[in-house]
Structure formats: structure tokens, C-alpha cells
Amino acid sequence: MSVSDPTIRTTPAVEETGETSSRILQTRGLRKQFGGLVATDDVDFAVEEGELRCLIGPNGAGKSTFLKLVTGRHEPTAGSIYYDGMDVTDLPTHERVDRGISMKFQVPSLYPELSVRDNVRIPLQRVATPGEFEARTRETLERFNLLEEIDTVAANLSHGQQQRLEIGMAMTLEPKLMLLDEPVAGLSIEETAEIADLLEALRAEEEVAFVVIEHDIDFVERIADRVTVLHQGAIFTEGTIEEVKADPAVRRIYLGEGA
Ligand code: ADP
Ligand code: MG
């Protein structure tokens, strides 16, 4: 077949997120309804390879729902999800994970009764052989500053340690796109700074893009390249944190919530 063969057609996924594009993720017209409630409203959202994007917006804006559509936890009502040259809209979650989409959920998803070591082994089983488990577990825990807690039962870790363990577990899957839902909610200033340091180190070492949902504006200011504001399921605005903070309309949607 020659390259001019008229039967060869490129797909939107290849065009938008394939090798000739710098984007890792692009959603088109992505929509999710729960009965009559529109939780995600025709969202066109793009992430560049290696960038760190923060997703902000009032409670109920649809932030968690949007990320769950990207992971496959929720099935969209309409629209498409293109990732790394593929249309993943109809792929089951585990196949998206195998292709490099990893997520830390808002609700803790550790196994509280298992040790730190055994928690890390659960995701490692997908990517490593049994002979590699102990060395890879130690490597992960060292990186996430948890090696001293290797035999601790997860329920007995501090909240900050639990967040680091969950991010570590998601990172063992060697994602190209890492989704974090409220990684510093409820953490102290010191614990929050530790997560920010960790994200900066991960970005320096790995080719991974992040989408991070967060309310703490100081944290967002420290880590984000760009910020997307969601409101009532739709993209309200996007820009640098300075642009978003200076936007009176953004302030109004937060104040309108009474927060
Ligand atoms: P955020 O993360 O921005 O606070 P969510 O994505 O959790 O917002 O929720 C967006 C809207 O969708 C809310 O009105 C919420 O009540 C609703 N919602 C979320 N998940 C479900 C669900 N599984 N079933 C029904 N409604 C849901
Ligand atoms: Mg949420």
C-alpha cells in the first residue's frame, strides 16, 4: 500500500492525541447525565503530554464525575475520549489502566487491614513478576517516603501517609496520565507541602501528565501549569492561576455557592 492510498483514513483520536500531536488527552462533547441531572455538560478538555493541570470549581461542579469518565468508572451519555492516539470511550477501566491512565480517587481506596507492603503489591501484580515484588515495593516506598512504614497496617498510617501511599500505588502502574482527586484535602500545611514536593519530583523524573482536582488555592498556585474551572458540569474558563484568580466571574461562582 502506498501512503497515498485513498482507503487509508486517519481517525480523530490519532489526529488529536496521536504521535504528531503534543496532547495526551482530548475529550469531545463529553456528557454525563444522572437521570435529569447533567453532571458533565459537553466538555472539550485537552491535556498536553507532561503538563500538570488543576481542575477547580465549587462543590457539585462535576469535577469527580469528569475524572471518572476519563478512567471508565462512569459510562458517558454522549461524547468521546481520545487518549494517546486511541479512542478509549468504550474501553473498560482495566484496559485504560493497562494503557497508562491511573487514578487516585477522592474516597480512600486503600486496603485498611493490609500492611503497606501488601497494599503496594496489589497494583504491582499488574506490572511486575513475583520475583520483583519486594525490590519494586521498597523502591516505591522509598520514593514516597514510607519505607519505615512497610510493615504498618494501612489503617494506622496518618492521613498524609495514606495519601502518599495511594499516589504511590497509582504510580507503580507507570501511568502516562495520572488523575488525582483531592490529594491534599484535610491535610496539614506540612503534609500538603510534602505532597507538592512529591508531585514536583515525579514530574522531574517521569514523563507523566497530571490532572489534579483541588480546592486549596495556595497548593494549586504552587503546582499547576494551567487551571481549568468547572461550573455546573461545563468548562467555565481556563488559564494560568493568575488569570483565573483575577477573573471576577470566577469569584462570583464561588461566592454564589455561599462558601
Ligand atoms: P464535584 O466533584 O465537583 O464536587 P461531582 O462530580 O461529585 O462534583 O458531582 C456532580 C453532580 O453530579 C452533583 O450534583 C452530584 O450530586 C451528582 N452525582 C455525582 N455522582 C452521582 C451518581 N453516582 N448518581 C447521581 N448523581 C451523582
Ligand atoms: Mg469531587
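**Around the ligand**

Modeller: The shell around ligand 1 is made of Phe34, Leu37, Ala39, Pro58, Asn59, Gly60, Ala61, Gly62, Lys63, Ser64 and Thr65. Keep in mind that this is a predicted model. By class, five residues of that shell are nonpolar, five are polar and one is charged.

Ser64 uses its side chain, where an N or O atom is 2.9 Å from a ligand oxygen. The side chain of Thr65 does likewise, with an N or O atom 2.6 Å from an oxygen atom of ligand 1. Now the cover. On its own, ligand 1 would expose 560 Å², and the protein buries 59% of that.

Which elements give two or more residues to this shell? They are β2, residues 37-48, and α2, residues 63-71. The largest share comes from α2, with three residues.

So look at helix α2 next. This helix is mostly covered, with eight of its nine residues buried. The buried ones are Lys63, Ser64, Thr65, Phe66, Leu67, Leu69, Val70 and Thr71. After α2 comes Gly72, which has a positive phi, near 95°.

Phe66 leads back to β2. The rings of Phe45 and Phe66 form an aromatic pair, 5.0 Å centre to centre. Their planes are at 75°, and the pair is edge-to-face. Phe45 belongs to strand β2 and Phe66 to helix α2, so the pair ties together parts that are 21 residues apart in sequence. Both Phe45 and Phe66 are buried. The count of aromatic pairs comes to one.

Stay on β2 for a moment. Asp42 lies in this strand. Its phi is near 50°, a positive value in a residue other than glycine. Most residues other than glycine have a negative phi. Is Asp42 buried, partly exposed or exposed? Asp42 is partly exposed, because its relative accessible area of 45% falls between the cut-offs of 20% and 50%.

Asp84 also has a positive phi, near 50°, and is a residue other than glycine. Look for Asp84 in the loop between β4, residues 78-83, and β5, residues 86-87. At 26% relative accessibility, Asp84 counts as partly exposed.

Next, a charge and a ring. The charged end of Arg73 sits over the ring of Phe105, 3.9 Å from the ring centre.

Two further helices complete the tour. Gln162 sits in α6, which covers residues 159-171. Gln162 is buried, at 18% relative accessible area, because the cut-off for buried is under 20%. Its side chain reaches the backbone oxygen of Ala154 at 3.0 Å.

Ala204 is in helix α7, residues 189-205. With 67% relative accessibility, Ala204 counts as exposed. Ala204 and Ile122 are 82 residues apart in sequence. In space, the C-alpha to C-alpha distance between Ala204 and Ile122 is 26 Å.

Note on methods. Residues numbered from 1 in each chain as written. Chains lettered and ligands numbered in written order. Predicted model: local features only at pLDDT ≥ 70, side-chain atom pairs only at ≥ 80, totals over all residues. Heavy atoms only, no water. Near = heavy atom within 4 Å. Polar contact = N/O pair within 3.5 Å; in protein donor to acceptor, adjacent residues only side chain to side chain. Areas by Shrake-Rupley, 256 points an atom, 1.4 Å probe, with all protein chains shown as cover. Helix = DSSP H or I, 4+ residues; strand = E, 2+ residues; numbered from the N terminus. Nonpolar A, V, L, I, M, F, W, Y, C, P; charged D, E, K, R; others polar. Phe/Tyr/Trp six-rings, centres within 6.5 Å; stacked < 30°, edge-to-face > 60°. Buried < 20%, exposed > 50% of the residue type's maximum accessible area, 1.4 Å probe, protein only. Lys NZ or Arg CZ within 6 Å of the ring centre and 35° of its normal.
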